[in-house]
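Here is a short briefing on one protein model. Keep the structure open as you read.

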Amino acid sequence: MFLLHAPQSRLNVIAKSHKVAMKQSPKKEKNFKYIYGPVSSWRLGSSLGVDLLSQDEKVCSLDCVYCQLGNTPVKTKERKVYTPTKKVIEEIKVLPADLRADYITFSGMGEPTLAANLGDTIKEIKALRKEKIAVITNSSLIWDKSVRDDLALADLVMAKLDTWSQKSFEKINRPAEGLWFKDVYGGIKAFKREYNTKLAIQIMFFGMNRDEFKKLAGLAFDIDPDEIEINTPLRPCGVKPLSKKEIAGIKAYFEEFGEKAGSKAGIVSVYDKGRKKVKVISKKGTVKRRGKPH
Ligand code: SF4
């Protein structure tokens with residue numbers, strides 16, 4: 001979730017940054033409103049996006065200082081149906097026959113777990129398509145059992161963890177009123193305990209949390225995830241990314257920590273992998289939402 005409404009100048013910057021990876025289908029494109037991509041993802045290979053929010057502006061429960069699409073104009077923790085499941089399924093049914101994707105990924109213009117029909121939509125897509133389903137979540141609502149139940153229907157959940165206390169949560173992720181770090185962290189642990197769904201923890205490292213990588217490693221491994229993804233904001237935003245060298249150092253620490261802890265979690269970093277070439281179904285819809293998920 002990171003792929004939001006942005007002014008045209010912003011979209012042009014994003015479009016340029018995807019010039020190499022994103023190639024438009026030569027055929028006249030259909031007007032997809034809720035589905036975009038596939039995009040080339042460093043964690044997911046090629047990923048076809050489903051945006052259950054699809055509002056003109058970003059709708060999110062957080063307002064992260066590194067969000068690549070600016071401030072959150074609508075900050076909420078209320079779950080509701082933004083886009084009827086039926087409308088999304090209509091688009092799924094008319095996808096090009098030659099479309100190939102490794103994952104169908106719930107992301108888009110804000111936080112996908114805000115959509116109360118997340119679980120229903122996952123079930124309906126699974127009945128129609130063979131691709132694996134991923135949800136990229138900012139974890140802010142995972143303390144809610146109904147959110148965990150919905151997430152469990154996916155094959156892969158990628159959950160954000162950038163902070164280590166209420167104070168750092170408020171400073172870095174700037175949550176909607178009434179969201180608490182202890183509930184978020186406890187919710188991620190509960191999800192891991194309750195379900196077998198593959199869980200990846202994604203940590204965005206930058207200036208404000210670079211010195212806390214040891215603390216974040218302890219918290220991340222204590223969840224016992226299947227994977228830990230070490231990220232840094234590489235697209236234009238209000239903060240600078242960490243260098244390859246610094247991220248490599250953090251990754252090495254995580255690997256050592258994991259080995260000592262007897263963890264089986266794979267450790268990957270945003271600098272590790274090349275990008276897949278993709279052929280998008282809707283360039284406009286993709287550019288509008290394309291950014292870096294949590
Ligand atoms: S959770 Fe994602 S979309 Fe929401 S503000 Fe943070 S980075 Fe942006």
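How many helices and strands are there in the protein? There are nine helices and twelve strands. The model is predicted.

**Whole protein**
- The protein has 294 residues, and 47% of them count as buried.
- Take the contacts between residues at least 6 apart in sequence: 79% of these join residues at least 24 apart.

**Helix 7 against helix 8**
- Helix 7 covers residues 213–223, and helix 8 covers residues 244–261.
- Their axes come within 10 Å and cross at roughly 40°.
- That angle makes helix 7 oblique to helix 8.
- The crossing of helix 7 past helix 8 is right-handed.
- Helix 7 brings Phe213, Lys214, Ala217 and Phe221 to the contact.
- Helix 8 meets them with Ile250, Tyr253, Phe254, Phe257, Gly258 and Ala261.
- Sorted by class, this contact holds eight nonpolar residues, one polar residue and one charged residue.

**The buried face of helix 3**
- Helix 3 spans residues 118–128, and its buried residues are Leu118, Thr121, Ile122 and Ile125.
- Viewed down the axis of helix 3, these residues fall within an arc of 100°, so they line one face of the helix.
- An α-helix has 3.6 residues a turn, so residues three or four places apart point the same way.
- The cover over the buried residues of helix 3 includes helix 2 (85–93) and strand 6 (103–107).
- Strand 7 (132–137) and helix 4 (145–151) are also among the elements covering them.

**Ile122, in helix 3**
- Ile122 lies in helix 3.
- Ile122 is buried because 23 other C-beta atoms lie within 10 Å, and the cut-off is 20 or more.
- Leaving out residues up to four places away in sequence, Ile122 touches Ile133, Leu153 and Ala154.
- Ile122 and Val135 are 13 residues apart in sequence, and their C-alpha atoms are 9.5 Å apart in space.

**Ala101, in a loop**
- Ala101 sits in the loop between helix 2 and strand 6.
- Is Ala101 buried or exposed? Ala101 is buried, with 24 other C-beta atoms within 10 Å.
- Leaving out residues up to four places away in sequence, Ala101 touches Pro38, Ser46, Ser47, Leu48 and Glu131.
- Ala101 and Gly37 are 64 residues apart in sequence, yet 9.2 Å apart in space, C-alpha to C-alpha.

Technical notes: Residues numbered from 1 in each chain as written. Predicted model: local features only at pLDDT ≥ 70, side-chain atom pairs only at ≥ 80, totals over all residues. Axes fitted to C-alpha atoms, helices over the stretch in contact; angles between N-to-C directions. Helix = DSSP H or I, 4+ residues; strand = E, 2+ residues; numbered from the N terminus. Parallel < 35°, antiparallel > 145°, perpendicular 65-115°, else oblique. Left-handed = near helix turned anticlockwise from the far one by under 90°. Contact = placed C-beta atoms within 7 Å. Nonpolar A, V, L, I, M, F, W, Y, C, P; charged D, E, K, R; others polar. Buried ≥ 20, exposed ≤ 12 C-beta atoms within 10 Å, placed from the backbone. Arc of directions from axis to C-beta.
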